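Keep the structure open while you read.

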Amino acid sequence: MRFDHNQIKALSLDAVFISHYHDDHCSLESLNLLDRKTPIYIYCLFEEMLELIRELGFTKVYSLDLDTPVNIGSIEVTPRRALDADVDSLYQIKAAGVNVLNVVDSWIDYSTLDLLVRKGSWDMILWPFQTMRELEVLAPSRSEPASLELPPEWIEQLQVLNPRYVVPSSCQFQMEDWSWYNQAFFPITYQQFQKEIATALPKTQVIRLNPSVSVSLSANGIETASSLSWVLPVGRQDLDYEYNPDIKPLTTAEIARHFEPLTAEQTNLVYTYCTKGILDKYNSLEPAIDPYFDKPRLWQLAVYDHKGVAQNFCYSLYDGKIEFVGESASPIGWFTEVPIARLYTALQEGEALTSMYVRINHMVFTPTIENEIKHVDIMEDPLVRSLFNGEFASYQKAQLRRIKARKN
């Protein structure tokens, strides 16, 4: 799909609601298209995000409180608690006699489920139907194949809520055409969702909403409505996911060759980070939680350029600290690979871990290390921790810098 930016700029919206601050839900580049008098409501525990939106020029920016309704004309919107309440929220929307729940991409705990049952009955629920494999693709050689079925608790929760209509809805996106992630990231298909819902909730109708498609919901049912004119579908729309559990991941060298070369200045920035910046950041963090890192470990970081050639950096990890050692004869105890182009954009543009093409522990260690490492959380990876622990809104801050630079 494409967007008609001119039409978006001409919109006169009564409000914008943002469910949480993740990059694919809270984009300053998107907000930059809107009239600055538009009220912005966001569920976010961090005042810094609200300040970034205000810095963009919006004068009416409000923090949402759980279970406290906001009325926009005849529409009532109430944030409800998600499983990860430090980040996510759900939205209950009541208007024109109908009751809608947008779960966004959250999970629901059972205390919230009890509350939602009391707040029913539900006319429509927008349900996140994908079990994303964003961690498994980081360590494909150490991950089990995904289940192709919906998690049983989702079925149980939907049966309890018993909506008239359910919309399969979640984070859905494509990577680059060449990316192996396109067949590894999303294991649930629309077809499978339809099949399982039809079996578990035979009276509930599944409504697929493709880009721009609109419906009119009332107590009497659902009707097709005029499509959004500012969302422009491109090509065939009734596509489905093609998860391939047997796909062979591209090597990091192969992936790196798909990216444009960095300038000498950009390359130097990355290598300086690898020899100095990462040391400062890692040493400022709390020690890794996993006891695997209580012992001295040799960590190798391989950074691949646009030709697929790796520059290797070796570090000694011990007692929560890191030291650059260049080369070492000791057995490697942790191994990380990354294309230099994506390490650069992570440092300078807020690139998300989801699209960095980081590869973790894609090698065979000594038998002793293999035995010790098999249950270690890959999010303890030193590069991942150094880039993302203690950081907030890197993506939005980079967007704001670019927006300001264009104005100047």
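Helix 12 gives the second largest pocket the largest share of its lining, four residues. That helix covers 394-407, and along with helix 11 (382-388) it's among the helices that each supply at least two lining residues. Helices here are DSSP runs of H or I with at least four residues, strands are E runs of at least two, and both are numbered from the N terminus. This is a predicted model, where local features need pLDDT of at least 70 and side-chain atom pairs count only at pLDDT 80 or more, while totals for chains, interfaces and linings use all residues. Residues are numbered from 1 along each chain as its sequence is written, and side-chain values use heavy atoms, with hydrogens and water left out.

Back to the pocket: 50 residues line it, and His22, Glu134, Ala352, Leu353 and Thr354 lie nearest its centre. (A pocket is an open set of points on a 1 Å grid over the protein atoms alone, where a 1.4 Å probe fits, with protein on both sides within 12 Å along at least five of seven lines; a lining residue has an atom within 4 Å of a point.) Its volume is about 1,800 Å³, meaning the space filled by probe spheres set on the points, which are joined across faces, edges and corners.

A salt bridge needs a side-chain nitrogen of Lys or Arg within 4 Å of a carboxyl oxygen of Asp or Glu. Arg402 joins in too, linked with Glu29 and Arg406 in a network of salt bridges. Arginine 406 is exposed at 52% relative accessible area, whereas glutamate 29 is partly exposed at 23%. (Buried is under 20%, exposed over 50%, partly exposed in between, using a 1.4 Å probe and protein chains only.)

Arginine 80 is in strand 6 (residues 75-81), and aspartate 67 is in the loop between strand 4 (61-63) and strand 5 (70-72). Arginine 80 is buried at 7%, but aspartate 67 is partly exposed at 40%.
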